[in-house]
Amino acid sequence: MTSIDPSLYLKSQQKQGAGTSPLGKDDFLKILMAQIQNQNPLNPMEDKEFISQMTEFSSLEQMTNMSQSFQRFMDTQSLPPLIQYSGLIGKEVSYPVSDQETGFLDHMEKDIVQSVSRKDRETYLELKSGQKVSVREITQVSDRSDSPDF
């Protein structure tokens, strides 16, 4: 009869303490291979069982790959706002200006972004005119106008 790989013995396996990750796809594959190697030759694993286990392994691998891809996506989406909006520096932005008395829209202004700042969890664009405008108020971004008044 074939011998059992010593790395599969329980005493040689690292014990999992609280907070460690559960079994991964490599562990699942080791268990599956040990099961196939040590099956009873008079009563081998049926094809259906083997296919079922391989399907589970394939599903586990796909979920792991999806999880890693999603984590990379989330990492790219959570850029700090200063970095996220720094691409606006040198661009012309449009924003509404409200009437002080009525609070209604008076007109739209355009200005060039000089810098980006952050205060109290809000990101602001500092404009060439010296005004600070919240990024939430921006209605349009365009390449810098070559007009002489800027």
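A search of the whole structure, a predicted model, returned 1 aromatic pair (rings of Phe, Tyr and Trp, the last by its six-membered ring, with centres within 6.5 Å; planes under 30 degrees apart are stacked, over 60 edge-to-face, the rest tilted). The pair is formed by Phe-70 and Phe-73 and is tilted, with 6.4 Å from centre to centre and 35° between the planes. Phe-70 and Phe-73 lie 3 residues apart in helix α2 (residues 47-77), and are therefore separated by about one helical turn. Phe-70 is exposed, at 51% relative accessibility, whereas Phe-73 is partly exposed at 45% (buried is under 20% relative accessible area, exposed over 50%, partly exposed in between; 1.4 Å probe, protein chains only).

The protein contains 3 helices and 5 strands, arranged along the sequence as α-α-α-β-β-β-β-β. Helices (H or I, at least four residues) and strands (E, at least two) are DSSP runs, numbered from the N terminus.

Of the 150 residues in the protein, 15% are buried. Among contacts with a separation of 6 or more, 42% join residues 24 or more positions apart, a contact being heavy atoms within 4.5 Å.

In this predicted model, local features need pLDDT of at least 70 and side-chain atom pairs count only at pLDDT 80 or more, while totals for chains, interfaces and linings use all residues. Residues are numbered from 1 along each chain as its sequence is written, and side-chain values use heavy atoms, with hydrogens and water left out.
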